[in-house]
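Please walk me through this structure slowly, taking each label in turn and setting it against the rule behind it.

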Amino acid sequence: QCLNSFPLANPSETCLMSPDGTHLVCGNKNESNEGSTFRIYDINKGTCLYTFKDEPFCVTVIRFSPDGTFLATAHEFSEDVSVDSETAHLKNAFIRIWNIKTGTLYKELSDTWSYRVWSLAFHPNGRWLASGTESKMSLLWDIETGVCIQPIPQTDSVESLTFSPDGTLLISGANSKIHIWDIDLQPSLQLLTGHSNPIYSL
């Protein structure tokens, strides 16, 4: 039985349901291919609550916080947009934290490298966010302060991330290798090999 349907202006490239099952976020490229649009829907009412049009950036990753209060989105310049003198001052890649209840921007996170963000994962405490980049680095953020509290060097670009249920371990897929990290001690506790291709999900 179909409970609700949501009309989309363009084919959706990313859809994600909130942990409490009340909200759905869908993102897609704009018709001009310059940037992207993502919408947040109320699943029970079948209505669109908020629309965010992001130009000239594209949304590359979307993640909900564990309680569904916040939405983290990773952004980068659209491949169809050239970086000229007017946009050179902007960050090539950054992360935004949205308040789902108000539909407003809560925090923007950016680092000095500004490399493409491939993956995001919220810590079970809902306050920390891990990001994986193509710069062989994972960053652990405090979303309340907007500060990177811990960089974690990786062996390759980080395509996937997840935390253990108790929040003590961070697991990363760095190209074809899986690292298991103790976030307090940081050294990799275990390296899992055997994959021949990049690991996009954990």
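Q: In which sense do strand β13 and β14 pair, and over how many bridges?
A: In this predicted model, strand β13 (residues 158-163) pairs with β14 in the antiparallel sense over five bridges. Two strands count as paired if there are at least two bridges between them, so the label applies here. One of the bridge partners is Leu170 in β14, which stands across from Phe163.

Q: What do β13 and β14 form, and what is the phi of Gly167?
A: The two strands form a hairpin with five residues between them, and Gly167, in the turn, has a positive phi of about 80°.

Q: What is the sense of the pairing between β14 and strand β15?
A: β14 and strand β15 (residues 177-182) pair in the antiparallel sense over six bridges, and here again the cut-off is at least two bridges. Leu169 stands opposite Asp182 in β15.

Q: What makes strand β14 mostly covered?
A: Buried means under 20% relative accessible area, and five of the six residues of β14 (residues 169-174) are buried. For the protein as a whole, 48% of the 202 residues count as buried.

Q: Why is the pair of Phe38 and Phe52 called stacked?
A: Ring centres have to lie within 6.5 Å to pair, and planes under 30 degrees apart count as stacked. The centres of these two rings are 5.0 Å apart and their planes are at 25°, so the pair is stacked. Phe38 lies in strand β3 (residues 36-42) and Phe52 in strand β4 (residues 47-54), 14 residues apart, and the pair thus links distant parts of the chain. Both Phe38 and Phe52 are buried.

Q: Why is the pair of Phe38 and Trp98 called edge-to-face?
A: For this label the planes must be over 60 degrees apart; the ring centres of Phe38 and Trp98 are 5.7 Å apart and the planes are at 70°, so the pair is edge-to-face. This pair also links distant parts of the chain, with Trp98 in strand β7 (residues 93-99), 60 residues from Phe38. Both Phe38 and Trp98 are buried.

Q: Which residues do ring pairs link into a cluster?
A: The cluster consists of Phe38, Tyr50, Phe52 and Trp98, linked by ring pairs, and the structure holds five aromatic pairs.

Q: How do you know that Lys107 lies over the face of Tyr106?
A: The distance part of the rule asks for NZ of Lys within 6 Å of the ring centre, and Lys107 lies over the face of Tyr106 at 5.4 Å from the ring centre.

Definitions and conventions:
Residues numbered from 1 in each chain as written. Predicted model: local features only at pLDDT ≥ 70, side-chain atom pairs only at ≥ 80, totals over all residues. Heavy atoms only, no water. Phe/Tyr/Trp six-rings, centres within 6.5 Å; stacked < 30°, edge-to-face > 60°. Helix = DSSP H or I, 4+ residues; strand = E, 2+ residues; numbered from the N terminus. Buried < 20%, exposed > 50% of the residue type's maximum accessible area, 1.4 Å probe, protein only. Lys NZ or Arg CZ within 6 Å of the ring centre and 35° of its normal.
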